[in-house]
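Hi,

Here is the structure I promised you. Have a look at it first, then read my notes below.

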Amino acid sequence: MSSLTLRNLTKSFGKTDVIRGVSLDVEEGEFVVFVGPSGCGKSTLLRMIAGLEDVSGGDLMIGGQRMNDVQAAKRGVAMVFQSYALYPHLTVRQNMGFGLKVRKVPAADIARQVDEAAAVLKLDALLDRYPRELSGGQRQRVAIGRAIVASPEVFLFDEPLSNLDAELRVHMRAEIAALHRRLGNTMVYVTHDQIEAMTLADRIVVLRDGRVEQVGTPRELYESPANTFVAQFIGSPKMNLVDGGAVADRLSALGRPVPEGALVGLRPEHLQLVPADQAILGGRLVTSEYTGADTLLHVELADGEVLLMVHQGSDAPEPGADLSIGIDPALAHIFEQDVAAKNAA
Amino acid sequence: MAVTDTTETTARKPRAPWLTLRRREAIEGWLFVSPTLIGFLIFFLGPLIAVVFYSLTEWNLLSQKSTYVGLANYTDALRDNPDFWHVIRNSVIFAAGLVPLNMALALGLAVALCRPGKGVVFFRTVFFAPVITSAVAWAIVWKFLLQGEAGAVNQMLAGIGIDGPNWLREPNWAMFAVIVTRVIKMVGLNMILYIAALQAVPRDYEEAARLEGANSWQIFRMVTWPLLAPTTLIIMVITTIGSFKVFDHIYLMTGGGPENGTLVLAYYIYEQAFEFFNIGYAAALAIIMFVIVLALTVVQLLLRQKGSS
Ligand SMILES: Nc1ncnc2c1ncn2[C@@H]1O[C@H](COP(=O)(O)OP(=O)(O)OP(=O)(O)O)[C@@H](O)[C@H]1O
Ligand SMILES: [Mg+2]
């Protein structure tokens, strides 16, 4: 039985359609991440699951029950907000026990459950502090602790790490992953950081303009993106797209036929400098960005487009050099449908 | 030669100019605050000292004669003259009636009108308009409405079978009437302050509480109300101070009557000074009022400090 099911879910604010028919099955215990560009409806979708926004159309099922018209508090979900939303006038202990208190749970039970959650998150020493006396990472843990105390069927996270600095983000990411392994609950996580998505997710849902572009494991999305949008959204630096005509002859010769009018996607990290007779493309190096482990090369092609490639090692060519670029043909992505989309962009 | 020139100038020790950046900024600073400072000295500190001085004299404006009497005016007020304590009692009743009523109503209106919606702007305007209405017009209209049997208020009460009192002619009802009409006039101001405070409460708190199963009343009591505490404190203090200083409203509605039933401190001072010409005694009363208001202000500051630490 799936833990969370969306059936053709829609949402409009007045005349604007924000979610335009999203269907998804989330398995019990799965960690699902919603990614997509700003404004694509990630938060709205999450808030619809939580019950903070009502559903305009379609069905929302949690634990096999239709939840469209069920109050937020009765859906068995807990949410961790981007702002943490810790009540500033309550201590950590009171914050974590708030939900139980309003549900009239006896004080002794509240204390026990708060202590348990605090132990999981190593918050024991902070229980009597106020939120303003905590660091960003500690606040984040309290917010998660409050969700744990609610013992929900499904955890919802809306960009929980975006207020933290880069280092803490990596650390908390690992903590959330560990928490998921430990609790085994279903989790739905919104982010626009694709590294977060790749590292945390069992499955990623890529959204654009209120629609699902692709659902799959991080590996599936990286290795076989369904379209150029997903291809360019997943992976960093983003995938190069070149006109099929420019590389068709060479790729066909190497066993990858390119249909008329298709686009070819080449990931920067898959491109290599090769002898001229093995090249599929040639161009002039305009800029090279040294980042330590590798160097990002900006190569201007004959048609004026700029191609990115990652060059490993310290022997990067100088700007102005003419380069011959090759790729393992198996790693080239061929998109037949999206030519119009690319031209429109 | 250029080389020798340089050595000569470096050899001469440059004298520090008198007008350093620090001095310059200090002078500019004083210049900027001087208009306010001079105004403060002339129009506040000066009169205050004068009033302290007058309060130590017996000075009848008609005879133009003033004699030093020490603290006699103060002992008169605080010990000998029963009117004073009656007036203080009235002022306390006025404040005790007005402040809770005003604040409860302001909060209720603010909660109802803090979110955008149909008619919200209209109703905010309706409740705020009396604040900027002339006190004179307000009082005249209400005096008219509160007339004995013919008044609109009593007519309406009669309509639902209640025989209304002659509002402004019976001491207790008159106090009630001036409180209520003052609240209706001034509640819009506190409503606006509360609306601003409510709008500053992040939506996330309410949503988090709702997700955790709190109902609207629990959200208000356990989340919103505590977050409003600083605003509540400020509103309480300024409303209390304002109610101790109320004058125009009393003057226009009841003239302190009937039977001195609405004779409050500010009006009593006016009466003593400009109707009975007891300038010395009135000055002592003014100082006492100043001390009361100052004490309330200090209490406010202390409470705020305690609240924020
Ligand atoms: N209450 C609302 N009323 C009207 N439009 C809204 C409302 N909330 C969101 N929207 C619109 O819905 C769209 C999706 O918003 P949403 O917040 O879900 O985006 P998001 O994917 O979470 O973006 P971000 O990454 O910036 O957080 C946006 O175009 C936004 O303007
Ligand atoms: Mg969002």
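Let's start with a pair of side chains: those of A:D158 and A:S43 are joined by a polar contact of 3.0 Å. (A polar contact is a pair of N or O atoms within 3.5 Å; within protein, one must be able to donate a hydrogen and the other to accept it, and residues adjacent in sequence count only if both atoms are side-chain atoms.)

Before more, some ground rules: this is a predicted model, where local features need pLDDT of at least 70, side-chain atom pairs count only at pLDDT 80 or more, and totals for chains, interfaces and linings use all residues. Residues are numbered from 1 along each chain as its sequence is written, chains are lettered from A and ligands numbered from 1 in the order in which they are written, and side-chain values use heavy atoms, leaving out hydrogens and water.

Back to A:D158, which sits in strand 7 (residues 154-158) of chain A; strands are DSSP runs of E, at least two residues, and helices are runs of H or I, at least four, numbered from the N terminus. A:D158 counts as buried because its relative accessibility is 9% (buried means under 20% relative accessible area, exposed over 50%, partly exposed in between, with a 1.4 Å probe and protein chains only). Leaving aside neighbours within four places in sequence, its contacts (heavy atoms within 4.5 Å) include A:L46, A:F81 and A:V190.

Now chain B: you'll find 14 helices and two strands there. Buried residues make up 37% of its 309 residues, and its C-alpha trace spans about 110 × 75 × 35 Å along the principal axes.

Cheers
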